[in-house]
Amino acid sequence: MERVYLDYAATTPTDPEVVQAMVPYFTEVFGNPSSIHHCGQEAKEAIEEARAKVARLIGAQDEEIIFTSGGTEADNLALTGVAVARESKGNHIITTSIEHHAVMETCHFLEKRGFQITYLPVDEYGLIGPEDVRKAINNRTILISIMHANNEVGTVEPISPIGEIAREAGVYFHSDAVQTVGHIPVDVNKLGVDLLSVSAHKLYGPKGVGALYIRKGTKPASLMHGGEQERQLRAGTHNVPGIVGLGKAAEIAQQEINEEAARLTGLRDRLINGILERIDHVRLNGHPSSRLPNNVNISVDFVEGESLCLTLDLEGICTSTGSACSSSNLEPSHVLMALGLPPEQARSSLRCTLGKWTAESDIEHVLGVLPRVVARLRAMSPLLRKPLAGEESNGHGLEKNKS
Ligand code: PLP
């Protein structure tokens with residue numbers, strides 16, 4: 001069966017050019033970059049090249065990039081690292097109610113250890129108000145952590161004005177940019193962040209590698225203890241092929257970013273408008289314009305998101321409901337709940353995320369299949385019943401079950 005993959009926010013396929021760049025670092029250039037001999041130094045050189053490429057993509061200096069095992073580790077290092085390092089200055093951290101679990105669960109961990117966390121609410125589109133951030137700062141605040149774009153609904157947050165507020169208050173500012181780096185322009189100076197998380201597998205690089213940007217002068221504590229790698233901030237022998245892969249992915253992204261963002265925005269809008277035209281009782285979740293170029297998130301009334309996702313899978317279409325990371329959890333998505341959706345609408349969400357290998361024909365295919373799948377599921381839905389004789393139809397030929 002021909003498959004249409006629309007789950008690029010969960011992970012992207014590794015670009016074949018990236019794979020090609022990585023291959024020699026498994027067998028030919030296999031030295032430990034900490035070794036002083038030729039084999040080690042060759043590997044070290046490759047790491048430094050990759051560091052420069054990642055730095056260039058986000059407007060950073062090379063030495064401000066620390067390689068990690070991915071976005072989750074970068075988020076953990078940013079939050080726990082700053083919390084531990086600045087404990088004597090204060091114990092208050094500001095974040096949002098729509099962060100990825102990598103930030104959310106780290107906050108819960110810190111909360112249990114005596115830190116006070118403010119989880120700022122968002123508006124109906126998932127936007128944070130910069131003034132709410134300003135108001136939440138107190139003299140114990142040591143860190144603000146606000147994601148650049150939300151992984152579920154695609155809303156892009158007003159990071160620059162928050163960066164200014166953080167700088168004025170002298171508070172460290174971290175942003176989880178796992179969904180934006182490589183997809184929309186990211187410049188750490190324009191954003192005004194001190195720390196920023198990156199994950200390779202979201203930008204056509206390999207899984208299990210990422211980076212944390214740490215502005216010069218910002219000093220989180222290390223969470224890993226052992227060797228002196230990565231300026232003593234991340235002990236452990238480097239994942240050389242992975243880091244080379246991240247570097248190559250960053251280099252390719254830099255070349256393609258503007259054109260690809262424009263192409264995907266066109267496909268995204270075609271999919272959104274096509275769905276809204278063809279299926280009634282559907283709502284777009286997330287911001288209509290301050291939105292990732294590749295994100296479509298809808299709630300389809302009277303249908304469970306899980307059923308929709310699984311039925312589409314049987315049709316060869318890979319999507320997700322809520323966040324892929326929480327797809328084993330039937331609790332409604334914390335992000336959709338934070339946007340104010342009632343639980344039944346939060347449970348009826350479908351996320352389609354597009355990417356480099358999404359073609360116009362894929363979008364047309366989905367627009368052909370989705371109305372049929374939704375109609376079939378609605379016909380079986382316990383959330384609906386057939387209209388009784390003399391009762392007005394709601395347009396599906398079905399009535400919402402009021403019981
Ligand atoms: N942050 C965000 C916004 C994400 O979307 C993800 C992955 O889904 C992560 C962090 C975790 O990144 P990784 O899978 O590299 O650990």
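Strands here are DSSP runs of E of at least two residues, and helices are runs of H or I of at least four, numbered from the N terminus.

Let me state the basis of this talk. This is a predicted model, in which local features need pLDDT of at least 70 and side-chain atom pairs count only at pLDDT 80 or more, while totals for chains, interfaces and linings use all residues. Residues are numbered from 1 along each chain as its sequence is written, and side-chain values use heavy atoms, with hydrogens and water left out.

Returning to β10, N295, N297 and S299 point one way, V296, I298 and V300 point the other way, and all are buried.

I turn now to its partners. Two strands pair if DSSP finds at least two bridges between them. Strand β9, residues 282–284, pairs with β10 in the antiparallel sense over three bridges, and V282 stands opposite V300. On β12, residues 349–353, five bridges form the antiparallel link to β10, with V296 opposite C352.

Together the three strands make an open antiparallel sheet in the order β9-β10-β12. Because β9 and β12 stand at the edges with a single partner strand each, one side of each has no neighbour in the sheet. Neighbouring strands are turned by 25 degrees against each other on average, direction ignored. Helix α10, residues 240–278, packs on this sheet and touches β9, β10 and β12, and its direction makes about 15 degrees with that of β10. Axes are lines fitted to C-alpha atoms, for helices over the stretch in contact, and angles run from 0 to 180 degrees between N-to-C directions; contact means heavy atoms within 4.5 Å.

Finally, the interior. A nonpolar core is a set of buried Ala, Val, Leu, Ile, Met, Phe, Trp, Tyr and Cys residues joined through side-chain atoms within 4.5 Å. The largest has 58 residues, and I58 is among those with the most contacts inside it. A second, separate core of 27 residues includes C352.

Definitions and conventions. Buried means under 20% relative accessible area, exposed over 50%, partly exposed in between (1.4 Å probe, protein chains only).
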